[in-house]
Amino acid sequence: MRNDSQIKIFSGSSNQEFTKKVCDFLKIPVNKSEVITFSEGNTYVKIGEKVRGMDVYIVQTIGLNPNNEFVELLFWIDAFKRSCVNSVTAIIPYFGYAKADKKDEPRVSIRARVCADCLETAGVDRVVTMDLHSPQIQGFFRKPVDHLYAANIFCDYIKGMGISNYVIASPDEGFTKNARYYSNKLGVPLVIGNKQRPLHDEKAEILGIIGDVDKKTALIVDDFTISCGTLTEIADTLKENGAEEVYAFVSHALLTKKGIDALNGSVIRKLYTTDTVNNPDILNNEKIEIISVAGLFGKAIKIIHERDSLSELFI
């Protein structure tokens, strides 16, 4: 650990329990801060201690309440910059606007680019996030973006499950590269779903699968889920093609109550996810298991603070 300054980690309001886990991993306290939402909806943030000349880290997920959470993050960055910090790193475990990466129809905004511009205008010096839906949005930033992956943590967990004769299943062609990493790491075959989503209503249609799942256990991998529509559709298709059991591993769980009902009524035996999003609706559900990635982010913060390379996290 560097001797010239200690790590200063502050928490936004969106996932304070995750911030505490990160700090517990690093064996340091969460630094003092205050967030107030006034009756008309205005957000007020205040740093609770001196930060002049320090390198600070603000943890804020952009998840279940993305507009308010994003604006709050901008206010935090501005508050730190006006307090004359040396640098401010935004730790965004889940960056919800990452899926808005292109102008694929007339008269629409490229929202991820707008978010990147806003963060940089507010004064962010670095961004750390995990499993972006569209990794190419890193190119929207002129500041460094460290993109972490849940895959290694999930792969270690899968190895400990003691299952045999299984395949990795990508729900669509877009996630194939990520899914192939799982299959290569685990040394098992990959199958791919042929999916289309004609509207913006979060309803997906699986047209078929590429690969053999007959008499095998299928492990679906994906970056996030809200309605559980894609997961349940691909799970049904896998079962129709002979899969004996189906599990799902999803990095970010933004499941609504409707999505949880869909999961509970599906053929998916269990959904494994991480704690990047503070989602009270998924707690105490026998079909959902949460695997913490706080240690991964803690390692990243320590490495960044010591001016070292993050490459060891991607092996």
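The side chains of Asp146 and Arg126 meet in a salt bridge, with N and O 2.5 Å apart, where a salt bridge is a side-chain nitrogen of Lys or Arg within 4 Å of a carboxyl oxygen of Asp or Glu. Because Asp146 lies in strand β7 (residues 145-148) and Arg126 in strand β6 (residues 126-130), this pair ties together parts that are 20 residues apart in sequence; helices (H or I, at least four residues) and strands (E, at least two) are DSSP runs, numbered from the N terminus. Asp146 counts as buried at 10% relative accessibility, whereas Arg126 is partly exposed at 25%; buried means under 20% relative accessible area, exposed over 50%, and partly exposed in between, with a 1.4 Å probe and protein chains only.

The model is predicted, so that local features need pLDDT of at least 70 and side-chain atom pairs count only at pLDDT 80 or more, while totals for chains, interfaces and linings use all residues. Residues are numbered from 1 along each chain as its sequence is written, and side-chain values use heavy atoms, with hydrogens and water left out.

## Salt bridges

Side chains of opposite charge can pair when their charged atoms come close. The structure holds 14 salt bridges, and the table sets out some of them, including the pair described above.

| Salt bridge | N to O distance |
|---|---|
| Lys20 and Asp24 | 3.1 Å |
| Asp146 and Arg126 | 2.5 Å |
| Glu245 and Arg269 | 2.2 Å |

For the pair Glu245 and Arg269, the closest N and O atoms are 2.2 Å apart. Glu245 belongs to strand β12 (residues 245-253) and Arg269 to strand β13 (residues 268-274), so this pair ties together parts that are 24 residues apart in sequence. Glu245 is partly exposed at 27% relative accessibility, and Arg269 is partly exposed at 48%.

Lys20 and Asp24 sit within one helix, α1 (residues 16-26), where a spacing of 4 residues separates them by about one helical turn. Lys20 counts as partly exposed at 42% relative accessibility, and Asp24 is partly exposed with a relative accessible area of 44%.

## Loops and backbone angles

The loop between α1 and β2 (33-37) contains Lys27, whose phi is near 60°, a positive value in a residue other than glycine. Lys27 is exposed, with a relative accessible area of 74%. A positive phi, near 55°, is also found at Asn165, a residue other than glycine, which lies in the loop between α4 (151-159) and β8 (166-170). Asn165 counts as partly exposed at 45% relative accessibility.

Leaving aside neighbours within four places in sequence, Gly12 is in contact with Ile58, Val59, Gln60, Glu72 and Trp76, contact meaning heavy atoms within 4.5 Å.

Asp101 occupies the loop between β5 (87-92) and α3 (111-122) and is buried, with a relative accessible area of 11%. The side chain of Asp101 makes a polar contact of 2.6 Å with the side chain of Gln136 and another of 3.3 Å with the side chain of Lys102. A polar contact is a pair of N or O atoms within 3.5 Å; within protein, one must be able to donate a hydrogen and the other to accept it, and residues adjacent in sequence count only if both atoms are side-chain atoms. Beyond its neighbours within four places in sequence, Asp101 is in contact with Ile110, Ala112, Ser134, Gln136, Ile137 and Phe140.

## Helix α8

Helix α8 (residues 294-305) has 12 residues that should span 16 Å at 1.5 Å a residue, and its end C-alpha atoms are 16 Å apart, which agrees; the expected span is 1.5 Å times one less than the number of residues. This helix is mostly covered, with 9 of its 12 residues buried, among them Leu296, Phe297, Ile301 and His305. Just after α8, Arg307 takes a positive phi of about 60°.

## Cysteines

A search of the whole structure finds 0 disulfides, a disulfide being a pair of cysteine sulfur atoms within 2.5 Å. The sulfur of Cys118 is 6.5 Å from the closest cysteine sulfur, in Cys115, which is too far for a bond. Cys118 counts as partly exposed at 30% relative accessibility, whereas Cys23 is buried, with a relative accessible area of 1%.
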